[in-house]
Amino acid sequence: MDAPPLSEDELNEIYNWVDTVPLSRPKKHIGRDFADGVLIAEIIQYYVPSIIDIHNYSLAHSVQQKQYNWNTLNAKVFRKMGFQITQKDIDAVIQVIPEAIERILKVIQVKLDMFLEHSEQNQVQKQEKPNEISKNQNQVNNSKPVLNNKQHDKDLVIQDQKETIEILELKIQKLEQLVKLKDSKIQQLTQKLQQAGIK
């Protein structure tokens with residue numbers, strides 16, 4: 001989804017919200033600080049630690065590593081929350097275009113609220129259901145939740161495997177880029193050596 005522009009009040013609200021989250025490094029220039037996606041991962045971990053593995057994200061200076069972090073967030077985290085950031089917005093954040101990260105943070109804030117509210121409703125429903133059903137009905141239906149849980153577990157495993165495949169594909173793409181870069185450098189060096197008369 002595209003991140004919408006923000007008003008001045010919304011910007012201040014985002015800055016205040018970010019300040020409430022304990023981050024691993026101080027916020028000096030929000031655009032540069034958040035460009036690699038690591039602090040975004042920390043915010044998600046602070047609110048919903050169960051859906052993110054913080055070890056997947058490392059401090060990055062190169063565009064490729066920043067891109068990898070954001071792609072991983074999109075594939076493994078944002079998708080679970082019911083949305084994904086567009087490549088256009090990711091590029092804007094990596095390039096530190098003014099207010100790009102603030103717009104992304106606003107989207108994440110809204111989606112986090114929705115995700116947490118939905119999770120709370122599910123928990124309440126699970127607690128209320130036993131009280132609404134009689135003991136006899138519970139005995140009859142006892143097998144159904146077990147089957148549903150097994151199916152749910154299978155779905156989670158399949159989803160996790162799909163996400164793992166996507167991450168591996170991203171890593172392969174990154175490695176292929178590095179190989180191409182090295183091949184290019186080797187060709188350049190070979191040409192230089194040939195031009196210098198060394199074989």
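Guide: Let us begin with contact, which means heavy atoms within 4.5 Å. Among contacts in the chain between residues at least 6 apart in sequence, 64% join residues at least 24 apart. This is a predicted model, in which local features need pLDDT of at least 70 and side-chain atom pairs count only at pLDDT 80 or more, while totals for chains, interfaces and linings use all residues. Residues are numbered from 1 along each chain as its sequence is written, and side-chain values use heavy atoms, with hydrogens and water left out.

Visitor: How many helices and strands does the secondary structure come to, and what makes a stretch count as one or the other?

Guide: Helices (H or I, at least four residues) and strands (E, at least two) are DSSP runs, numbered from the N terminus. By that rule the chain has eight helices and zero strands, and its pattern along the sequence reads α-α-α-α-α-α-α-α.

Visitor: Why are α3 and α4 called roughly parallel?

Guide: Axes are lines fitted to C-alpha atoms, for helices over the stretch in contact, and the angles run from 0 to 180 degrees between N-to-C directions. Angles under 35 degrees count as roughly parallel, over 145 as roughly antiparallel, 65 to 115 as roughly perpendicular and the rest as oblique. The axes of α3 (residues 38–47) and α4 (residues 63–78) come within 10 Å and cross at roughly 20°, and the two helices are therefore roughly parallel to each other.

Visitor: Which residues bring these two helices together, and what is the class of those residues?

Guide: On the α3 side Val38, Ile40, Ala41 and Ile44 meet Asn69, Trp70, Leu73, Val77 and Phe78 of α4. By class, this contact has eight nonpolar, one polar and no charged residues, where Ala, Val, Leu, Ile, Met, Phe, Trp, Tyr, Cys and Pro count as nonpolar, Asp, Glu, Lys and Arg as charged, and the others, Gly among them, as polar.

Visitor: What makes the pair of Trp17 and Tyr47 stacked?

Guide: Rings of Phe, Tyr and Trp (its six-membered ring) pair if their centres lie within 6.5 Å, and planes under 30 degrees apart count as stacked, over 60 as edge-to-face and the rest as tilted. A search of the whole structure finds three aromatic pairs. For Trp17 and Tyr47 the values are 6.0 Å centre to centre and 25° between the planes, and the pair is stacked. Trp17 lies in helix α1 (residues 8–19) and Tyr47 in helix α3, so the pair ties together parts that are 30 residues apart in sequence. The rings of Phe78 and Phe83 have centres 4.9 Å apart and planes at 25°, so this pair is stacked. Trp17, Tyr46 and Tyr47 form one aromatic cluster.

Visitor: What is noted about the phi of Val96?

Guide: Phi of Val96 is near 55°, a positive value in a residue other than glycine. Val96 lies in the loop between α5 (87–94) and α6 (100–132), and with a relative accessible area of 29% Val96 is partly exposed.

Conventions:
Buried < 20%, exposed > 50% of the residue type's maximum accessible area, 1.4 Å probe, protein only.
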